[in-house]
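Let's take a walk through this model, starting with its strands and ending in its cores. Keep the viewer open as you read.

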Amino acid sequence: MPISRRTLLKGSALVTAAYGTGLALPLARRALAEAPTELIAYEGSARLSGEAATKGTMSYRLGAAGDGVPPVLRMRKGEEFSARLVNELKEPTTVHWHGLRIANAMDGVPELTQPYVYPGDRFDYRFTPPDAGTFWYHPHCNTLEQIGRGLTGVIVVENPDDPVFDAEIVLNLRDWRLGGDGQFIDQFKPRDAARGGTYGTVRTTNWLQAPIYDAPAGGLVRVRICATDVTRIYRFGLEGGTAMVVALDGNPLEAPFPLDLHDVGPGQRMDLVLRMPDDEGEIVTLGNVKGSAPWTVASFRAVGTSLKRELKDVVALQANPIAVADTKAAEIIPMEFTATAEHGAKPSICGSLGYTFWAINRVAWPGDASDPVAPLAELKLGKSYVFRMANRTPHAHPIHLHGMSFCAVASNQPRLIGHPTDTILLQPDETADLALVADNLGDWVFHCHIIEHQKTGMTSYVRVT
């Protein structure tokens, strides 16, 4: 792209002014790759609605002070990253690095890959991200409560060979379950957990309601969108401007396409290149149009003299090194996602919702427990497989696989075929074939990322040996 790094830095200053501290700063956080940094999980308060500050929020901070929203962690593809989790919460926690294909010991699943990190304890994470893109981090312990109270942060893995854009803006999307006084209410309703999930009452982007961000007029802006909510499935539309979708779930698209309407479920990500209007003060609005009451996710305000960039200059980003499965030689592993009432929930040190509503292959995961069920399948390192998924329910399920990437190669419903991902939004009554190479040793969890579904049975894991 004909865009200079000097232009990038100029645009970055505009984004910094709009964001304040702790959010997405294009050249910030690189020091994390040079030395271990303390990533502190803590409990605090934040003003999330027009009422009083919400007490009991959970977040991450780097160092002594935090401003509420967890920091964007910036890494570089192929360079080692290290962080020390310090648990200042009143309960155990861990960190899962969602979408990163890293060593199993660093995956952050208690009992399965690492011990619980108890209050006052620490745990060192060290890994080298092999892929560039947009990812995120969150606990895998008492997940509905901890994620629901704020423990979700975005990861940006930079590729030095990527095109340079005029600015970059990161959007962390999530709901909050708050009452009229601005304080937390129950994180779920059992009758909703047994269906599509319990929605939040306050919708935020970077912990703000319908924020407005400044960006260079006539510029090309990379917008990294991460759906970290526990329930909500978004359908994105754009007003007042145009954009190309250049990456989904951390992986560049071979053929970028214009943003019209696109669904993104919990755990999924979408990267846009947004072409800002030429006239200063003009607004572009990113909205969620799913449901009967569309609403604004975020707006972008053009500032300065037009840079007169063109979307036609947008080219495909460099692909990540994802192994291509041999579908003709692949072993087929059936996976059925169903409702169930087979048994009650088991108690767990990391929390149980007290219900079992869902199952995979008729087995309901018992929760975060010291006696996990056996793996659903044992895979051989380097061998190709096809997960033949069948959603036997009338609800959508964003199914996430830890540690490896897969490609949808067939479906009975319209969908993007052949794109590598770590999360598939499995539609009601959909059957889909997901092809992958078992190229990462260890026990890898896969589960629905509607967290109520995860915590009430729709979880399992595969073992790669």
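Before we start, two strands count as paired if DSSP finds at least two bridges between them, and the strands themselves are DSSP runs (E, at least two residues), numbered from the N terminus. This is a predicted model, so local features need pLDDT of at least 70 and side-chain atom pairs count only at pLDDT 80 or more, while totals for chains, interfaces and linings use all residues. Residues are numbered from 1 along each chain as its sequence is written, and side-chain values use heavy atoms, with hydrogens and water left out.

Pick out strand 11 (residues 212-216) and strand 19 (residues 295-303): they run parallel and are joined by five bridges. Within that pair, Ala 215 sits opposite Ala 302 of strand 19. Four of the five residues of strand 11 are buried, so the rest of the structure largely encloses this strand. Buried here means under 20% relative accessible area, with exposed being over 50% and partly exposed in between (1.4 Å probe, protein chains only).

Four strands make an open one in the order 2-1-4-6, with mixed pairing. Its edges are strand 2 (54-62) and strand 6 (122-127), each of which pairs on one side only. Look at strand 1 (residues 37-46) next to strand 2: eight bridges hold the two together, and they run antiparallel. Gly 44 is opposite Thr 57 in strand 2.

Another open sheet has six strands, ordered 10-9-12-17-14-15, and its pairing is mixed too. Strand 10 (202-205) and strand 15 (251-258) are at the edges with a single partner strand each, so one side of each has no neighbour in the sheet. Strand 15 is joined to strand 14 (residues 242-248) by four bridges, and the two run antiparallel. There, Ala 247 has Pro 252 in strand 15 as its bridge partner.

On to the nonpolar cores, meaning sets of buried Ala, Val, Leu, Ile, Met, Phe, Trp, Tyr and Cys residues joined through side-chain atoms within 4.5 Å. The largest has 36 residues, and those touching the most other members are Phe 337, Leu 379, Phe 387, Met 389, Ile 399, Leu 401 and Val 462. Apart from it lies another core, of 30 residues, including Val 245, Met 270, Leu 272 and Leu 286.

What does Phe 387 touch, leaving aside residues up to four places away in sequence? Its contacts (heavy atoms within 4.5 Å) are Ile 333, Met 335, Leu 379, Leu 401, Ala 432, Asp 433, Leu 434, Leu 436 and Val 462.
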